[in-house]
Amino acid sequence: MEEAVRAINYLLEQKIGVSQNSLRKQDWLRVIHDRMVLCGASNFGTYYDKIVSSPNEFQELVEAVVVPETWFFRDMESYSFLIEYIQKEWILNNKARPISILSMPCSSGEEPYSIAISLLESGLPPSDFQIAGVDISKKSLAKAMLGIYGQNSFRNKELDSKFKALYFDKGASGFDVRKIVRKSVFFQYGNAVDDNFLIARPVFDVIFCCNLFIYLNRKAQKKLIEVLNRLLANDGYLIVAPVEREMMRQAGFIFGKNHKKCACQKNTIRKDYKKDKSDDLLNALKMESDREKIKKSTALDALEEAGHLADSGDFDHATNLCLKCLKEYGMSAKAFFLLGLIKHAQGHEDAAEDFFQKTIYLEPFHHEALIYLKLLAEKRGDLKQAELFARRAHRLESSDF
Ligand SMILES: C[S@@+](CC[C@H](N)C(=O)[O-])C[C@H]1O[C@@H](n2cnc3c(N)ncnc32)[C@H](O)[C@@H]1O
């Protein structure tokens, strides 16, 4: 790859965190090439000079590389969680102030408006909530502020017809968000991976941060986690897309048993909780945590043993040990992956694929499972699927730590 293109990629990754793997390689290059031509630069080198000297052109390039894909009520589980939270916790705790919610990235506004509609549905009047929609794309923000949407923004057939009638006016250019929904939604430009991102803002009670983490390089993901920890209230909830949940868990956020799977909290909650309780409870918690540790190490030992058995060709015993582990100690990516390897070695490719799928369900970026899934998809002739797995695996290989 040309040195100047490398420099452009580096600049984008450093400044906005978006990884070049968020698009197909040829699309990424085409996007940069198109911007280069549009601004009259004769080659990538002069285009690089242009973006470092012109904030406007840099912003144009950002607009071209980000993925603005979004729609109303994209992940319904998140919105039902929000309604339940308002009705069962927020209203009862009576904080005597409006609930403050961040939608970041908000793209063209479908997400923050869906949040507003959910809050209205949960019984809150607009004066009882404030929603900040933040995004790095000025074009998307302009669309969000306009608040007029075409059919592409409505992909949830059942819900859309109900909500369209209640919260939108049909106009010549599309569906216009009604004032009652717009009233408490505010939009703002912001770069989520900038050190000063929303630095002066008080914390939020709920943050929706969906479908951003997956597009970022590792360094930017780390930064985003810091930002989310800083901006989320200690008793607040963070809502992420299904594909990002496991990553949030690994980053230290806690998904409580009683909450819907989409919402997590900062782990300071657990510390505060411990501090407030009696010694008995503290001891009980410690014993529980010790039990968990023992359970975990026993499971790891058993899986190691299963691995040795599989290496020596004793597939039946290895399989039994893995299944026993899953039964006794719960779901484990390691156990599923090993079962996948065993099935693969035995030539049972469908079963192997099934176990590798289970592995990446628990660990979305399990590199080896992704590679096996890519190979198996290729073998089935599903090249599109194979490419998706390859891109996901490649995103890992090229991340910078
Ligand atoms: C796929 S959309 C997600 C929108 C919405 N949250 C959803 O789940 O439907 C991704 C958005 O992230 C924005 N984005 C990318 N990098 C960003 C950054 N560093 N700071 C803020 N927004 C960013 C893009 O402009 C784009 O609008």
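Modeller: Start at C209. Its closest cysteine sulfur belongs to C210, and the two sulfurs are 7.0 Å apart. A disulfide needs the sulfur atoms within 2.5 Å, so this pair is too far apart for a bond. The count for the structure is 0 disulfides. Keep in mind that this is a predicted model.

Is C209 buried or exposed? C209 is buried, because its relative accessible area is 0% and the cut-off for buried is under 20%. C106 falls in the buried class too, with 1% relative accessibility.

N211 sits in the loop that runs between β7 (204-208) and α10 (218-231). Its phi is near 60°. That is a positive value, and N211 is not a glycine. N211 has a relative accessible area of 18%. The limit is under 20%, so N211 still counts as buried.

F73 also has a positive phi without being glycine, here near 50°. Where is F73? F73 belongs to the loop between α4 and α5 (76-93). Its relative accessibility is 3%, so F73 is classed as buried.

The peptide bond that joins M104 to P105 is cis. Omega is near 10° there. P105 is in the loop between β1 (99-103) and α6 (110-121).

α4 covers residues 55-65 and packs against α2, residues 25-38. Packing of two helices is described by the angle between the axes and the distance between them. For α2 and α4 the angle is about 150°. The axes are 10 Å apart. The crossing of α2 past α4 is right-handed.

Which residues make the contact? From α2 come W28, V31, I32 and R35. From α4 come E57, E60, L61, A64 and V65. By class, the contact has 6 nonpolar residues, 3 charged ones and no polar ones. R35 is on the α2 side, while E57 and E60 are on the α4 side.

Methods: Residues numbered from 1 in each chain as written. Predicted model: local features only at pLDDT ≥ 70, side-chain atom pairs only at ≥ 80, totals over all residues. Heavy atoms only, no water. Axes fitted to C-alpha atoms, helices over the stretch in contact; angles between N-to-C directions. Helix = DSSP H or I, 4+ residues; strand = E, 2+ residues; numbered from the N terminus. Left-handed = near helix turned anticlockwise from the far one by under 90°. Contact = heavy atoms within 4.5 Å. Nonpolar A, V, L, I, M, F, W, Y, C, P; charged D, E, K, R; others polar. Buried < 20%, exposed > 50% of the residue type's maximum accessible area, 1.4 Å probe, protein only.
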